[in-house]
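Biologist: Before the discussion begins, please show the model.

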Amino acid sequence: MINPLNRKRRVFAGLLATVVTTGMMTSAVAVPAAAEPGPGGHAPNGSPADTLGAHDLDLLAEAQAKREESVVLIVATDKGASAGVAGALENLGATVAKRVDAIGYIRASVPTGAVLKAAALPGVTAVDLNEVIPLPEPVATATRAASATRTATAGPPGADTPADNPYMPTGETGSVRFKQAHPDWDGRGVTIGVMDAGVDLDHPSLQTTSTGERKIVDWFTATDPVLDGDGTWRPMLTDVTGPEFEYEGQTWIAPRAGSFKINTFDESITAGRDPGGDVNRDGDTTDLFGVLYDPVSHDIWVDVDQDRDFTDDGGAMRPYAQNFQVGHFGTDDPATEVREQMPFVVEYREDVDLAPAGLPGVADFVNIGIVEDEHGSHAAGVIAANNMFGNDNLDGQAPGAKIVSARACSWDGWCTSAALADGMVELVVNRHVDVVNVSIGGLASVNDGNNARAHLYNRLIDDYGVQLVIAAGNHGPGVNTVNDPSVADNAISVAGGVSRESWLANWGSVTRDPYQLLNLSSRGPREDGGFKPTVTAPGSAISTSPLWRPGFAMPEAGYALPPGYDMVYGSTTASPHTAGGVALLLSAAKANDQAVTPAAVRRAIVSSASWIDGLPAHAQGSGLLNVPGAWALLAQGPLETRDYDVTAPVCTPLSGFLVTPGKGSGIYNRCAAGSGGQRAGDKKSYTVKITRRSGPKGAVKHVVRWIGDGGFYRDAPKHLTLPLNKTVTFTVGTRGGEGAHSAIMQVDDPKTPAVDFELLNTVVIANVPKKPTFRYVASGSVDRGGFTSYFVAVPEGARALQVNLSRIATGSQTRFIAYDPRGVPVDITHNQFCWTNYSDPATCKPQERSYENPQPGVWEIEVESHWTSPTLANPFQLTARVHTIGNPSALDADLDLTVRRGGVLVARSAPAPGREFAGELRIVTDEGATVGRGKVLIGAVRS
């Protein structure tokens, strides 16, 4: 059966050809071209499909089915159009909760019945419906330590660990030698925004920078007080008068005479996340804390000791950035290793419109800012920790940098796309950070970087000069699983790699390859063939964690970490490694009084990255982050960056939903043969168009280089002469066998220091199961911690795709994961799920699963081995069968004909010629599984 998880992406691929039964949407197979601008200077949208993507139409249909009265929209407007769009939205009955004219951003609660009209308003560039995005679970190691045979591990990190180490592997990016050569270029003068679950304010390694300055300089909550259901936001609705007053049947003492507003904070709202509903760490989840607010001065008091007396709790508090005040729930016991208290900060928002909650008027809200999960603290440590484990040498990437914490995730493990957008705008526009790290994302409907958030992020980068660094995602290793919002054109999308040394130190796992990508790291390309991920960085680290969390046992590595430290892995760790690397480059530029743009930083990073042998281009991007190499390019002075436009053919199940259907920014073909795809061994040519949009006025001769090509991309020009603003057309010839073939085509003016332009090219060639068996069989071996992928074409009308894994070695921990033709994993990809000799077979069959009514097209089936597998090499045989409708003879199964009379078995297999029986037909696989059964009348059989 198909697992329903992981299918939020792309489940509405056919929406534009569907009639919504409410009558609000008409059939529209083709997306209309945009009209010319009207009198107001903004093009009226031809239909909501121009601005509202397929996935958002899906979300709208879900809201309609649930009879939700309103939905939250994230709206990107044309520049200068936000005021007019906001007014038009209000005329449709919307409540505009946030509007930032400088970047054309609006967040509004809109009546569900008015969404399509809102999307079609003049001046609207793109619209996203708000949705929840899961915070990546930072699961580090499993619990089967005894299942694998190990050599001696590296032991735990500590006071004597050198700067270049496999636990916090900053040395793999070259940053250790960079900082050793330039001690003052360690992130000083750079402030980094951490958009995540909140950063711990008590951790000793997050207190000061390398120069002794305050490390965390700001802390705020990005969730919406009304719309996100975040119980840390308290509406201050009840008026009281000091110095003594009655509230909820009890007497309270105010800090002074005067008027106040009061509410309470209930610790139980945190029950679903790391605090476990116990913020004061006293073992229960029943505590309420009074919150008092002066609406004139905006002073805030919190009754942390629960004595209903606001005079004995440390005085009035202000938002953290004003006075750096930190309160604490609970009292620490110094005799224990763990901290029995949680830090918090406060903030307020004035005049919040209560209409989305169905209430009249406005209200001020007070927020109790606490950490929701360890994820943000870990990311902050990777970026900028200073002196971990009390070791002067054990730091994050940029120990001299400062941090601004933004919590965008709430108490059910989810972050909303609206909170992420709000928080990003706040970090860049109002908190004035230099770099932002986002280790959160999800599979988009069409991950081509053309939704509202992508437009907003690109504007923040270009208009404010702030580079956004975003995790590529943890849905790998399937092709085209790269996450939104890392697919935004100008964001740095980061894949997660791991060295042989880190495998041993952080997992206790012995592996073969010097460097590889983590299996779960999402792969490119974008749906339009676009170049994502951008770069690879270390995808694991032992880093900082909230002090109130217990220590972390790492049995497979042979040691345990004390409270305040944890090992987290994935692209969610690779992204902060890269954000810290960017901070080093900006620190160096500032030290040399050199202005650098985000475009120059990206160009230097892509041009200097170290290629990882053995990994495909669509997985690693441009290669492993190389901080010294990037600085060597930036140090030469202003790095020229040029703009190039590309139009390349794209053939996928969703390519009709691209801005220009069937066209993108890189060659990408994942169609089945006969539907535009390529057959193994056949030659196929792809026509590509490139236009140079900036640089010298005359024609410029460019050298063409192919990176990562194994001979698949053959007949292509070795040079391209590109005039300014004139399109040059050329063809790329290809030929090869089954598999995913990807390579980077560099287009480079040798007179410039950096590579000027590159495009990613990816062609997937599938096996086509043939009659009469419709079976595909592959045998091989996969290394511990590694994987291999196979591609199978499923025809229209297939009833099921059955996959079997066999010939597994004794004790081997191996599994398969299937990805449908849209790049969606149809199995749970979590590292604890569905392994042979590891997982609970009652929850999943690791060796046999059937996917009913499979989407036609090219399926990817990857086979991987767990890092705890007792054998380095893990042999297997993979069998995929396509079951077609009404064609049992084509099924690759033994036909076991059982004939009964009155319940008594009288014959097996076929009846003799000329005889007739009523019986039961069972279709049985080689492994003995019955996949078809029915009562039949066997007519006279001819010989």
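Biologist: How much space lies in the second largest pocket, and which residues are closest to its centre?

Modeller: In this predicted model, the second largest pocket holds about 1,200 Å³ of space. Its lining is made up of 36 residues, and those closest to the centre are D489, R526, Y644, S665 and F757.

Biologist: Which elements give two or more residues to the lining of the second largest pocket, and how many charged residues does that lining have?

Modeller: The elements that each give two or more residues are α8 (452–464), α11 (598–608), β27 (644–651), β28 (663–664) and β35 (757–765). By class, the lining has 11 nonpolar and 11 polar residues, and the charged ones number 14.

Biologist: Is A754 buried or exposed?

Modeller: A754 is found in the loop between β34 (739–748) and β35. It touches R603, S607, L633, L639 and D748, leaving aside residues up to four places away in sequence. The C-alpha atom of A754 is also 9.5 Å from that of I605, although 149 residues separate the two along the chain. Because its relative accessibility is 4%, and the cut-off is under 20%, A754 counts as buried.

Biologist: In the open sheet with the order β9-β10-β11-β12, which strands stand at the edges?

Modeller: The sheet has 4 strands with antiparallel pairing. Two of its strands have a single partner each, so one side of each is left without a neighbour in the sheet; these are β9 (238–247) and β12 (300–302).

Biologist: What is the bridge partner of V291 in β12?

Modeller: Strand β11 (residues 288–293) runs antiparallel to β12, and 3 bridges join them. The partner of V291 in β12 is V302.

Definitions and conventions. Residues are numbered from 1 along each chain as its sequence is written. This is a predicted model: local features need pLDDT of at least 70, side-chain atom pairs count only at pLDDT 80 or more; totals for chains, interfaces and linings use all residues. Side-chain values use heavy atoms; hydrogens and water are left out. On a 1 Å grid over the protein atoms alone, a cavity is a set of points where a 1.4 Å probe fits but cannot get out, and a pocket is an open set with protein on both sides within 12 Å along at least five of seven lines; lining residues have an atom within 4 Å of a point. Grid points are joined across faces, edges and corners, and a volume is the space filled by probe spheres set on the points. Ala, Val, Leu, Ile, Met, Phe, Trp, Tyr, Cys and Pro count as nonpolar, Asp, Glu, Lys and Arg as charged, and the others, Gly among them, as polar. Buried means under 20% relative accessible area, exposed over 50%, partly exposed in between (1.4 Å probe, protein chains only). Contact means heavy atoms within 4.5 Å. Two strands pair if DSSP finds at least two bridges between them.
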